[in-house]
Amino acid sequence: MARTMAALPAGTRITDYISLGVITKTFPMKEVRAVLAATGKASVRQRELPAPVVVYYVIALALYMQASYREVLRCLMEGIQWLLDPSAAVKVAGKSGISQARTRLGWEPLHRLHDAVVRPIAVRATRGAWYRGWRLVSLDGSTLDVADEDVNAAAFGRPGSSRGSSAFPQIRFVSLVESGTHVLFGSQMADYATGEIPLAKAVVGGLQTGMLCLADRQFFGFKLWTQAGNSGADLLWRIKKNTRLSCDRRLADGSYLSRIFPSERDWRHKTNGVRVRVVDYRLHGIADAEPLYRLVTTILNHAKAPAKELAALYHERWEIETALDELKTHLRGAKIVLRSKTPALVRQEFYGLLMAHFAVRSLMHEAAVGADADPDSLSFIHAVRVVRRKLPTYGAIPPSEADGLP
């Protein structure tokens with residue numbers, strides 16, 4: 001079946017749509033050049049698409065998931081032309097040239113840039129980001145469809161279905177999200193068959209002292225709990241209501257102290273236990289509520305975090321569902337798959353998508369703090385449109401590195 005070339009609306013001024021402003025502000029050239037040097041990917045000769053341009057191009061792709069590769073590059077290069085010399089002709093590389101440039105770059109620089117720059121951004125003035133001095137973060141995972149290519153299917157696998165297997169291969173990823181800003185950070189990806197727990201073991205390395213991490217019951221286990229707790233962060237995780245937990249001491253707020261154990265043998269002999277505080281609660285008058293909810297926390301002093309407050313706070317965990325929806329639906333586009341046709345470029349595109357989300361969320365946070373508003377009150381879809389259309393053009397990168405980059 002013939003495919004129609006995706007393009008931007010006719011009559012659109014390129015300077016209304018594309019700018020490196022939000023991207024270069026969030027991911028400065030200094031950081032880009034550092035990761036290129038560290039991974040040995042810095043361009044060593046003049047090219048139509050030098051490595052730094054390709055880094056920014058991959059991030060920009062996520063803002064234009066519905067447009068073709070070449071159309072996105074045309075936007076980028078014409079925006080640069082408008083700054084440098086409006087009368088000069090701009091040569092836009094073809095699809096093959098773009099693919100070759102992305103392949104030369106690989107995915108490691110994008111991964112390193114993501115890990116170096118993407119982090120929690122809330123300040124004390126950020127509404128909805130804090131609980132009694134703790135920075136609120138959540139842990140969760142999801143999947144993304146990727147292009148239906150044999151090499152992608154071999155590398156990432158497909159989920160099963162009632163009729164055999166899914167139409168598309170999938171990648172699995174796990175992230176931390178800063179609840180108040182929806183910033184996804186510490187993200188790790190793998191093939192579909194890799195479970196969330198192995199990925200979470202790498203992700204919790206992003207936790208720090210002063211954070212309070214929320215997580216759902218599928219993540220609870222002695223090893224992951226103790227690993228996350230050793231980061232210095234406090235934890236508030238839901239567990240299965242039938243988990244065996246003795247009431248060692250009832251506290252004034254209705255919660256109680258207990259212990260968790262690494263094995264059945266340790267539980268029987270009460271050895272090698274780790275102290276936790278347990279909060280059991282019910283939701284009255286809520287449709288489809290479960291009979292009992294059970295949370296465990298590392299905050300043992302009930303005066304510092306009363307049980308009722310923790311029960312209400314736990315439902316902030318759903319902020320990560322909103323952040324994942326932003327990533328998968330509003331930024332990527334509903335029913336749109338990651339389009340890269342090789343595993344290395346899928347990984348590259350994944351980190352580009354995460355960084356585009358971070359750039360948008362950083363812009364929203366800056367606006368919210370300036371207006372003394374909760375970032376949740378701002379529309380992510382509107383912010384994406386703002387990034388696409390309204391940012392001033394600055395921080396342009398010349399299309400050739402012949403004279404060096406600024």
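Author: The structure holds 2 cavities of 30 Å³ or more. A cavity here is a set of points, on a 1 Å grid over the protein atoms alone, where a 1.4 Å probe fits but cannot get out, and lining residues have an atom within 4 Å of a point. Grid points are joined across faces, edges and corners, and the volume is the space filled by probe spheres set on the points.

Before going on: this is a predicted model, where local features need pLDDT of at least 70 and side-chain atom pairs count only at pLDDT 80 or more, while totals for chains, interfaces and linings use all residues. Residues are numbered from 1 along each chain as its sequence is written, and side-chain values use heavy atoms, with hydrogens and water left out.

Now zoom in on the second largest cavity, which has about 30 Å³ of space. Its lining is made of Leu49, Val54, Tyr57, Leu73, Ile98, Ala101 and Arg102. Two elements, α4 (51-61) and α6 (95-105), each give two or more residues to that lining, and α6 has the largest share, with 3 residues. (Helices are DSSP runs of H or I with at least four residues, strands are E runs of at least two, and both are numbered from the N terminus.) By type, the lining splits into 6 nonpolar, no polar and 1 charged. Nonpolar covers Ala, Val, Leu, Ile, Met, Phe, Trp, Tyr, Cys and Pro, charged covers Asp, Glu, Lys and Arg, and the others, Gly among them, are polar.

What about the packed parts? The largest nonpolar core has 87 residues, and Phe27, Leu139, Leu207 and Trp237 touch the most other members. Such a core is a set of buried Ala, Val, Leu, Ile, Met, Phe, Trp, Tyr and Cys residues joined through side-chain atoms within 4.5 Å; buried means under 20% relative accessible area, exposed over 50%, and partly exposed in between (1.4 Å probe, protein chains only). Helix α14 (residues 343-370) gives the most to this core, 11 residues. Leaving aside neighbours within four places in sequence, Trp237 is in contact with residues including Leu139, Phe219, Trp225 and Arg294, where contact means heavy atoms within 4.5 Å.

Key
1 Å grid on protein atoms, 1.4 Å probe; cavity = no way out; pocket = protein on both sides within 12 Å on 5 of 7 lines; lining within 4 Å.
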